[in-house]
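Keep the 3D view open as you read.

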Amino acid sequence: MEANSSVWVRDNNSDQAWVLGTIFQRKQKGDGVDIIVELDYSGERVTFSCDHEDTELDDVKLANDPKMALSEDMINLPFLHEPAILHSLSERYEEGEIYTFTGPILLAVNPFKDLPLYTNEILEEYYTNGMLRGQGLEVVSEAPHVYSIADAAYREMMKTIMNISGAPRRVPKQKEGSFGGDGSQSILISGESGAGKTESTKIVMRYLTAVGNPEGITAVAAGSIMDKVLQSNPILEAFGNARTIRNDNSSRFGKFIELRFDRRGHLLGAALRTYLLEKVRLPSQGPGERSFHIFYQLCKGLMAGRVDPKYGLSGCEEYAYLNGGGCFDLTHVDDLDELAATLHGMRVMGFTEAEVDAVLSVTAGVLHLGQLRFESVHTGEGEGSKVAEAPEVGAALAKARELCALDPARLEAALTTNSVSIRGETFLMRLRPEQAADARDALAKHLYGHMFAWLVAKINGALKGEATAKTRASISVLDIFGFECFDRNSFEQLCINYTNEALQQQFNQFVFKLEQKEYDREGIEWSFIEFPDNQDCLDLIEGKPQGLIAMLDDECRLPKGQDSKYAGRLYQALEGKHPRFEVSKKDKVDFKFGVRHYAGLVTYETDGFLLKNKDDLPKEAEALFQASTSEFVRGLFELDEGAAAQRGSPAAAAASGRKKRPGAGGAKVGTVDKPSIGTQFKGQLRALMADVQETRPHYIRCLKPNDILAPDQFVRTRVIEQLRYGGVLEAVRVARSGYPVRLAHAEFFARYRGLAPPPRANNGGGGGGEAATGPGAPGGPGGAPLSIKGLSPEDARPTC
């Protein structure tokens, strides 16, 4: 950092995050140096001190040439760091360029407006260029795009298939750390709610179904496997998406879609897995939010005469399960149009009219259940409750019974009583009104959750096609929840952030392997490089016997387990003993704890942890559904909800640790050795990571430029936060752990030729010169390594 160099200076007092400045002066100070920077916008001079000459400053970074701000791949920037990435994204966003590469990652900034980037003509352009490139022909590089990632995955898959043509679908088990040995690829899409994950997933799916279509990339025959893959989206969005304060169409579950191809690259079929449906949203929503879209579609469809009146629904505002957030409409989406798309998708997927009717009946039945209220009843056995006698409550109860074909006496018992077994004896506990309301909500959540699992299983049956026998490789698309850190974080956030920790570890390992391959290609020694490792954080969450999930399960097994006692377990076992676990005196008062994730510290509230982890369905409620006169409803509860969501992967279902349900297949209902939600999720996540490990991954990180979902607004502090949470800055740290500045030979020569010593005379009479190779010279003793294709000078790091 020399005088007159342009630099970025961290600004914590504004929403700019970093501001430009110029080094005014360097002052030697013992072994260190003072750097005086003059800020461009104010002229203020700020001093930064380095204790040693080779110390890199955290708050001052060298700026790149302004002409490089619109670079399509930021890995080409000489100085790659947080302000450089932020500035490049901001400048490109202002020019309408929402996609940017940084090495293996595609960064996608949500424009919050329609852009002409996804026409058939543009799709054909990426397809044609990809095909030519796959044949070894040189073509002009296209701008960064989601299509770039999708096409790269497809071409790499086809290249491997061609190389192992005629081999069985699966090559022998790969060594740990290998990727995509049979040509299988994965596209991992992440980002916070509202960043554009769902739309990016749909764009990827459209491209892959187009290039895998034997009829041509723009022709999709009705009812074909391509059509079914695309038509699964409206169904999943209707029953699994909702409006949040951050996003009108937020996926409230994670999904992993495996597209299976034959040796010619034609799409044969697909399989779907889902993760962690946010059922807690069903009975209540935050201000400005909605429940799942299907409820609003159904209410408005009935009011508009497009749905059979037998479901007994009225306006959305009337229902307790819908009016908590005070939001009933979406800004840019018509619920009636979406209802038509949902019903069309169900018929394309092969739903019978009876199945469509059954699904809508259960959906409406859930809303009617939510209308039930309870009043206190006092007997000699103490306080109990009964369904309130108000006429509207009685009507709702009757309609719920009718739509779900439930026995009246069993329904009343499931709502107002609970049996408890103590030392071999069973006691019937009468529930107080507030407990009965909780039982009602639990009943509705389980009914909806099992129906969602049935929908996933039905979709998988329709997508299976002829995939099993002819499949040579696959491309899987993961649309998963991004890292979350709110004012209040609960069990759901812990599971979500656990997922992101596992994905971040996989990402670090993959990026590090790419770095190693690059250094091998360039002939550079790389053995000294270390990369960030978050295994200790994963151990804190999933380890035994003192991991967060294991201790939560232990507390759940106790007859009188409590959230506060769980918090006490954590403090005793982990406080001051684990570097990733943090708790303050104030946290202890509120039974909170903190985990220092790769993206930063998150504080979790233990209130509700046990209830959410157990997710119990009382025996009375299970017996109620098993006794339904509706074959559809009975079938829902013969399905294992967790395994059905993983139906696309038998290994994943097995990994969840769940034993076979004794009541399945019509057998007598007995006790169930049911793992907790946390343990099931841990098994599903491990299976997911095992599947991803067998693929060659590609990455799309979606970014939300502002929180008001407005076009043309780029809030730099929010984008920085997402770059950190999305692991992008961590990837930069991996790159910077080696040689962060990378210049082609010609560029290096043009930039630094003036610093080279004069050429020595060639005594051999050739008249030419000889490059300097003495101490400190590139490639010489003590100098930076001279690579085959480019120069990666260690001493070019931006230090003091």
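What follows starts with the whole chain, then turns to a strand, the cores and a surface patch.

First, a caveat: you're looking at a predicted model. The protein chain has 800 residues, and 55% of them count as buried. If you take contacts between residues at least 6 apart in sequence, 66% of them join residues at least 24 apart.

Now zoom in on strand E8, residues 185-190. Is this strand mostly covered or mostly open? Covered: six of its six residues are buried. Look along the strand and you'll see Gln-185, Ile-187 and Ile-189 pointing one way, with Ser-186, Leu-188 and Ser-190 pointing the other way. Residues on both of these sides are buried.

Which strands does E8 pair with? One is strand E17 (residues 473-479), which runs parallel to E8 and is joined to it by five bridges. To find your bearings there, pick out Ser-186, whose bridge partner in E17 is Ser-476. Another is strand E21 (residues 696-703), again in the parallel sense, this time over six bridges. Here a handy landmark is Ile-187, which stands opposite His-698 in E21.

On to the nonpolar interior. In soluble globular proteins, nonpolar side chains tend to be buried together. In this model, the largest nonpolar core takes in 188 residues, and the members that touch the most others are Ile-85, Leu-89, Phe-239, Phe-295, Leu-548, Ile-700 and Leu-723. Helix H11, spanning residues 433-463, gives the most to this core, with 14 residues. There's also a second, separate core of 15 residues, including Val-7, Val-9, Leu-57 and Val-60.

Leaving aside residues up to four places away in sequence, Phe-295 touches Leu-282, Leu-322, Thr-363, Val-366, Leu-367 and Tyr-448.

Finally, come back out to the surface. Ile-422, Phe-427 and Met-429 form a nonpolar patch there, with about 280 Å² of accessible area together. Phe-427 belongs to strand E16, residues 425-430. Why does Phe-427 count as partly exposed? Because its relative accessibility is 37%, which falls between the 20% limit for buried and the 50% limit for exposed.

Definitions and conventions
Residues numbered from 1 in each chain as written. Predicted model: local features only at pLDDT ≥ 70, side-chain atom pairs only at ≥ 80, totals over all residues. Heavy atoms only, no water. Patch = residues over 30% accessible without salt bridge, like charges linked within 9 Å, V, L, I, M, F, W, Y side chains within 5 Å. Areas by Shrake-Rupley, 256 points an atom, 1.4 Å probe, with all protein chains shown as cover. Salt bridge = Lys/Arg side-chain N within 4 Å of Asp/Glu carboxyl O. Helix = DSSP H or I, 4+ residues; strand = E, 2+ residues; numbered from the N terminus. Buried < 20%, exposed > 50% of the residue type's maximum accessible area, 1.4 Å probe, protein only. Core = buried A, V, L, I, M, F, W, Y, C linked by side-chain atoms within 4.5 Å. Contact = heavy atoms within 4.5 Å. Pairing = 2+ DSSP bridges.
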